[in-house]
Amino acid sequence: MSSLFRIFDIAGSALNAQTVRLNTTASNMANIDSISSSTNQTYRARQPVFAAELDEADDALAGVSVLGIVESQTPLRQEYRPDHPSANEQGYVSVPNVNPVEEMANMISASRAYQTNADVMNTAKQMLLKTLTLGQ
């Protein structure tokens, strides 16, 4: 019976991880058009880093954890906009290194993973309820 409850812990940790992934992707998309004259102040795309959690007692999978969020090392884009107020002396502005196509694919993937884990939790709940009715 405890292994059935473990499903809720594993799926719950996956739901949490996908929520972080969706929020990070939303942040990237929200900052896609931000502009800066300084490369040090320009928004950089961020991605969460996940790790599998293992149960110390039996070396079984215990879920997923978010280790942190890292900034992309992809070079920033420089766009020539001499009339922009944030343009540098050469007329260039620094634009975030956010790739909208990658971000949309990431959002779709995270959304589907979230839905799959929600379905796992619902199925486990139904199985648990059916188990309780067996003795009746």
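What follows is a chat about how the labels on this predicted model come about.

The model is predicted, so local features need pLDDT of at least 70 and side-chain atom pairs count only at pLDDT 80 or more, while totals for chains, interfaces and linings use all residues. Residues are numbered from 1 along each chain as its sequence is written, and side-chain values use heavy atoms, with hydrogens and water left out.

Me: What is the confidence of the protein chain on average, and where is it lowest and highest?
Reply: pLDDT is the predictor's confidence in each residue, from 0 to 100. The protein chain averages 89, and 96% of the residues score at least 70. Strand 3 (residues 77–80) has the lowest mean, 88, and helix 2 the highest, 94.

Me: Which elements make up the protein chain, and in what order?
Reply: Helices (H or I, at least four residues) and strands (E, at least two) are DSSP runs, numbered from the N terminus. The protein chain has two helices and four strands, running α-β-β-β-β-α from the N terminus on.

Me: Why is the protein chain called more spread out than a compact globule?
Reply: The radius of gyration is taken over C-alpha atoms, and the globule rule is 2.2 Å times the number of residues to the power 0.38. For 136 residues the rule gives 14 Å, but the protein chain comes out at 22 Å, well over that, so it is more spread out than a compact globule. Along the principal axes, its C-alpha atoms fill a box of roughly 80 × 30 × 15 Å.

Me: What makes R46 and E71 a salt bridge?
Reply: The term asks for a side-chain nitrogen of Lys or Arg within 4 Å of a carboxyl oxygen of Asp or Glu. For R46 and E71 the N to O distance is 3.1 Å, so the pair passes the cut-off. It links distant parts of the chain, with R46 in strand 1 (residues 46–54) and E71 in strand 2 (residues 61–71), 25 residues apart.

Me: Why are R46 and E71 called partly exposed?
Reply: Buried means under 20% relative accessible area, exposed over 50%, and partly exposed in between (1.4 Å probe, protein chains only). R46 has 26% and E71 has 38%, so both land in the in-between class. Of the 136 residues of the protein chain, 26% count as buried.

Me: What makes a residue part of the lining of the largest pocket, and which residues line it?
Reply: On a 1 Å grid over the protein atoms alone, a pocket is an open set of points with protein on both sides within 12 Å along at least five of seven lines, and lining residues have an atom within 4 Å of a point. Those lining the largest pocket include A45, Q47, R77, N99 and E103. Helix 2 (residues 100–133) gives the most to the lining, with three residues. About 160 Å³ of space lies in this pocket, a volume being the space filled by probe spheres set on the points, which are joined across faces, edges and corners.

Note on methods:
1 Å grid on protein atoms, 1.4 Å probe; cavity = no way out; pocket = protein on both sides within 12 Å on 5 of 7 lines; lining within 4 Å.
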